[in-house]
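Please look over the structure shown here before reading the report. The sections go from the whole chain down to single residues.

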Amino acid sequence: MMTESGPTGSARAKLQTLPRTITCVADYEQLAAEFVDHPVFEYLQGGSGNEQSLQANLQVFNEFQLFNRVLVDAAKGSTVTSVLNQKLRHPILLAPVAYQKLVHPGGELETARAADALEAGMVTSTLSSCTLEDIAAQHQGMRWFQLYFQPQREHTLDLLRRAEASGYSAIMVTLDATVQASNRRAQRAGFAFPPDVTAVNLQGYGAPPAVALSPDQSVIFQGAMSEAPKWQDLEWLLDHTSLPVLIKGVLHPADAERLIQMGVRGLVASNHGGRALDGVPAPIRVLPLLRNALGQDVPILLDSGIRSGYDVFKALALGADAVMIGRPLLYGLAVAGALGVAHVLRLLRDELELCMALAGTPTVADIGPHCLFATTADGQRTLC
Ligand SMILES: Cc1cc2nc3c(=O)[nH]c(=O)nc-3n(C[C@H](O)[C@H](O)[C@H](O)COP(=O)(O)O)c2cc1C
């Protein structure tokens, strides 16, 4: 198939205006393939292993259906909510996504402009391709910093202090990617990082000290895992910041309980968009278990597989306080920069509002398991 500028997969100039034919995130996904080089598209689309978790993330939402309700007065409805006492215009945050200059030369600065315009919370990745300070300057609204522990504590502490100084109001520590799982799609497509797309926040920290392995030692156990954070590292971190700390990448209720007991303020139920341990369940499946384990008061966010406002609604119904989107923001960014990201957010919010209105839940607090209908393992249909 040929596009305006050449064979499918060769990058096109970004759109300056949005055609009316773009109606949903799926349209952006399809278009994005034309706006970035093929290996880059494969890199962002791909999951780890056999992509079981990636597929599960997308399919699982279809197992839940919504109830419409009649004669409910929704004229004063609103998507306004709050997490950690921070007000949100709507419960849809931009997930931490590394190296956004891969899909747009403006990278995270474009995303931040969109977040500002749509009053969306934005989480800046440790591995952003624009500095965390520059991103903060573009976004007046709710901004959080996603922290990856660095091999040396002084560097982790430096990132923390820089985030605090730049006005980030929470730290989201990602813990499910301590070993980099291979992305076979990217590998097969020959993906490589261009030299001008780098983790600029880490410049100046130097290369981590090399771990010398003997031939009988494992690259995973004695290599990557020797530098991976442990429980005592998280304790150290909690002692070194007064900002609320959330942990991203939690699925097991026992981990969730221990984390909250030690002073973590919130969790993100996430499988890294199917890019970490392949074969783990879609987060939406374990969300009710997490909610049961933690009670109603602990903030739980969810990501991985959110592609519509309907998905957002289902996540809220099953116990999430808010959701984050990863790839959908990249699709918008790839197609039309800040305009595209803002449009993606707007489409999701509009769909969420539609769901809320027709499901008889004018406020976020009204949404709950009673709004859903699901199929159980033995094929029975039941209220959630
Ligand atoms: C290309 C790409 C880069 C990512 N980079 C990071 C990152 O730097 N830090 C992080 O915590 N999560 C990262 N994630 C995971 C997202 O934060 C999020 O968990 C995931 O994308 C949600 O799934 P979704 O893409 O289906 O929305 C990345 C995801 C993608 C697709």
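The report below describes a predicted model.

## Overall build

The chain has 13 helices and 15 strands. Its radius of gyration is 21 Å, close to the 21 Å that the globule rule gives for 384 residues, so the chain is as compact as a globular protein of that length. Taken along the principal axes, a box of roughly 70 × 55 × 45 Å holds the C-alpha atoms.

Of the 384 residues, 45% count as buried.

In soluble globular proteins, nonpolar side chains tend to be buried together. In this model the largest nonpolar core has 108 residues, and the members that touch the most others are L94, L267, A269, A320 and V323. Helix α13, which covers residues 327–358, gives the most to this core, with 18 residues.

Leaving out residues up to four places away in sequence, A320 touches L287, I300, L301, L302 and A315.

## Around the ligand

There are 22 residues around the ligand, and A98, S125, T174, G273 and G326 come nearest. Sorted by class, this shell has eight nonpolar, ten polar and four charged residues.

## Helices with one buried face

An α-helix has 3.6 residues a turn, so residues three or four places apart point the same way. Two helices can be read with this in mind.

Helix α1 spans residues 25–35, and its buried residues include V25, Y28, L31, A32, E34 and F35. Seen down the axis of α1, the buried residues fall within an arc of 150°, so they line one face of the helix. Helix α3 spans residues 52–59, with S53, L54, A56 and N57 buried. The buried residues of α3 fall within an arc of 165° when seen down its axis, so they too line one face of the helix.

How much of helix α4 is covered? Helix α4 (residues 108–117) is mostly covered, as seven of its ten residues are buried. These are E108, L109, E110, T111, A112, A114 and A115. What covers them includes β6 (92–94), β7 (122–124), α5 (132–138) and α13.

G107 is found in the loop between β6 and α4. With 22 C-beta neighbours inside 10 Å, G107 counts as buried, the cut-off for this being 20 or more. Not counting residues up to four places away in sequence, G107 touches Q100, K101, S129 and C130. The C-alpha atoms of G107 and L330 are separated by 9.6 Å, although the two residues are 223 apart along the chain.

E119 lies in the loop between α4 and β7. With 16 C-beta neighbours inside 10 Å, E119 counts as partly exposed. Q140 is in the loop between α5 and β8 (143–147). Q140 is exposed, with 12 other C-beta atoms within 10 Å. Although E119 and Q140 are 21 residues apart along the chain, their C-alpha atoms are separated by 8.9 Å.

## Positive phi angles

Which value does phi take in E119? Phi of E119 is near 50°, a positive value in a residue other than glycine.

L71 also has a positive phi, near 60°, and is likewise a residue other than glycine. L71 sits in the loop between β3 (64–66) and β4 (81–83). Is L71 buried or exposed? L71 is exposed, with 5 other C-beta atoms within 10 Å.

## A buried strand residue

V245 belongs to strand β10, residues 245–248. V245 is buried, with 21 other C-beta atoms within 10 Å.

Which residues is V245 in contact with, leaving aside its neighbours within four places in sequence? V245 is in contact with I171, V173, L237, L238, V264 and R265. The C-alpha atoms of V245 and F145 are separated by 9.7 Å, and these two residues are 100 apart along the chain.

How values were computed
Residues numbered from 1 in each chain as written. Predicted model: local features only at pLDDT ≥ 70, side-chain atom pairs only at ≥ 80, totals over all residues. Near = placed C-beta within 6 Å. Nonpolar A, V, L, I, M, F, W, Y, C, P; charged D, E, K, R; others polar. Helix = DSSP H or I, 4+ residues; strand = E, 2+ residues; numbered from the N terminus. Rg over C-alpha atoms; globule rule 2.2 N^0.38 Å. Core = buried A, V, L, I, M, F, W, Y, C linked by C-beta atoms within 7 Å. Contact = placed C-beta atoms within 7 Å. Arc of directions from axis to C-beta.
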